[in-house]
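Q: I have a structure open and would like to learn how to read it. Where should I begin?

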Amino acid sequence: MKGKFEDKLAKLAFGELNSDEAARLEREVQSDPEALRTLSMYKDMRSGLRSLSDIPEDQFSKERLRDAILTQGLKPVPTRPVSNRTWLWMPAAACALGFALMYGQGMFRHSAGPKLVINSDQAGLHSTIKSPIEFDPKPTDGSKLVAVNTPKPSASLTKDMLPKVDPDEVDPRILVSVPINDDSYDPDLGKMPENGPSAPSGTLASIEHKPAATSVPIVLIDQDTDQQTGACKATEVGSSSNVLVGG
Amino acid sequence: MGYDASLSGRMELDTDVALVKKARDGDFRAFEQLFDRHRNLVYRFAYQMTSRRDDAEDIVQEAFVRAYQNLHRYRDEAKFTTWLLRIVTNLCTDQARMSQRRLALEQQEAAGALDWMTSGDVEDPVKNLEEDRRKVVLRKALNALPMHHKSVIILRDIEEREYPDMASILGCTVGGAKLRVLRARRALKERIAPLLGEDR
């Protein structure tokens, strides 16, 4: 028996054909014993399945359900999906990382800035100066210190930036090679007046003007350009003693 | 006028969807109402699938626990009973995989004996004996079917679910559900034909 015909017989037995189709198929089946037997089997199957619907009563209680839910500690999950908010931390973390990198690079550049050398004969005393002196820190490659000769005279040291020195422990031969922003300071002599009003607490009793850090050559870059090359003029000086820092 | 409005509002609140919303908000009594409404439906289907009352009750419990746990996943456009029966179908499939051997060996004898003792018409024992034998044969053939055939036979021919409901429960189209029913009936007929054909 073909599958489609058998499916029609099953539909007929289970009452899933309309009345016209059912009547036509029943007439057709009367002359086909095999189809008649198949139809009878499907009808028996249908009635048998219906009889299987009788089942014993359950003994389930609400208390059992409540206990089952409470035992497992279950709570209904909130309706609002949480997964959408989980993506918010990613851009925030990216921003924080970006800030951290930029700030870290800035700190690194400052730490690689120029050095103000306060020199003594016995031991070098190094102090890092960040902003007041207009050194360009980029070209420093360990062997050359490049100073840009800008016309702005404002950048200079103030007295507060100088290291405080105990007068009792000071070496009388300490050299200072940078000017300070004080009218009482004479850059030609490199001396502070003995009773100067703005002298720092650690007043240097004897200051001798000597070149400092001669081992590091200094290149002065002017803003005027060379007519042949078009680049800025640069002059390498032998020491930093004749460089006027701050204009 | 006011009475009609309050009555319609009350009916609206009593729908499954409203109860589900309340249960989502933590109202356990609303969930208990859902349980009272549909426990018999779930139990009937579970019993037909497992043929054991204790197994069916375990499945009812697990089904409602899972439903409570996953209330946020229920979409309001589907009927709650459809969603619930889908959970039960999956649970029955899992349970059948775990205890297939036990069901095949032990339960059939017990079910047959139970049917023999508890059902039937006392006035015609010969007729009852024949009917009981047919039931046992049919139950045995049904339990021997693969789960995908068994579930559609139970849904359609025992529990008499409509095809659109079946499609939602089985996760297929209405046409697909009809096709599955036809295949399952044919498979069941092939299994019971040799058993019932002996006395023809």
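A: Begin with the kind of model: this one is predicted. Then take one chain and list its elements. Chain A has 5 helices and 6 strands.

Q: In what order do the elements of chain A run from the N terminus on?
A: The order is α-α-α-α-α-β-β-β-β-β-β.

Q: What share of the residues of chain A count as buried?
A: Burial is judged by how many other C-beta atoms lie around a residue, with 20 or more within 10 Å as the cut-off. In chain A, 13% of the 247 residues count as buried.

Q: How do I read the packing of two helices, for example H2(B) and H3(B)?
A: Look at the angle, the distance between the axes and the handedness. H2(B) and H3(B) pack at an angle of about 140°, and their axes are 7 Å apart. An angle over 145 degrees would count as roughly antiparallel; H2(B) and H3(B) are therefore oblique to each other. The crossing of H2(B) with H3(B) is left-handed.

Q: Which residues meet where H2(B) packs on H3(B)?
A: From H2(B) come B:Asp16, B:Leu19, B:Lys22 and B:Ala23; they meet B:Ala30, B:Phe31, B:Gln33 and B:Leu34 of H3(B). This contact is made up of 5 nonpolar, 1 polar and 2 charged residues.

Q: How many residues are in the largest nonpolar core, and which have the most contacts inside it?
A: A nonpolar core is a set of buried nonpolar residues joined to one another. The largest one here has 52 residues, and those with the most contacts inside it are B:Val42, B:Ala46, B:Ile59, B:Val60, B:Ala63 and B:Val88. H3(B) provides the largest share of this core, 9 residues.

Q: Which residues is B:Val42 in contact with?
A: Leaving aside neighbours within four places in sequence, B:Val42 is in contact with B:Val60, B:Ala63, B:Leu84 and B:Val88.

How values were computed:
Residues are numbered from 1 along each chain as its sequence is written. Chains are lettered from A and ligands numbered from 1 in the order in which they are written. This is a predicted model: local features need pLDDT of at least 70, side-chain atom pairs count only at pLDDT 80 or more; totals for chains, interfaces and linings use all residues. Helices (H or I, at least four residues) and strands (E, at least two) are DSSP runs, numbered from the N terminus. A residue is buried if 20 or more other C-beta atoms lie within 10 Å of its own, exposed if 12 or fewer, and partly exposed in between; C-beta atoms are placed from the backbone. Axes are lines fitted to C-alpha atoms, for helices over the stretch in contact, and angles run from 0 to 180 degrees between N-to-C directions. Angles under 35 degrees count as roughly parallel, over 145 as roughly antiparallel, 65 to 115 as roughly perpendicular and the rest as oblique. A crossing is left-handed if the near helix is turned anticlockwise from the far one by less than a right angle, and right-handed if clockwise. Two residues are in contact if their C-beta atoms, placed from the backbone, lie within 7 Å. Ala, Val, Leu, Ile, Met, Phe, Trp, Tyr, Cys and Pro count as nonpolar, Asp, Glu, Lys and Arg as charged, and the others, Gly among them, as polar. A nonpolar core is a set of buried Ala, Val, Leu, Ile, Met, Phe, Trp, Tyr and Cys residues joined through C-beta atoms within 7 Å.
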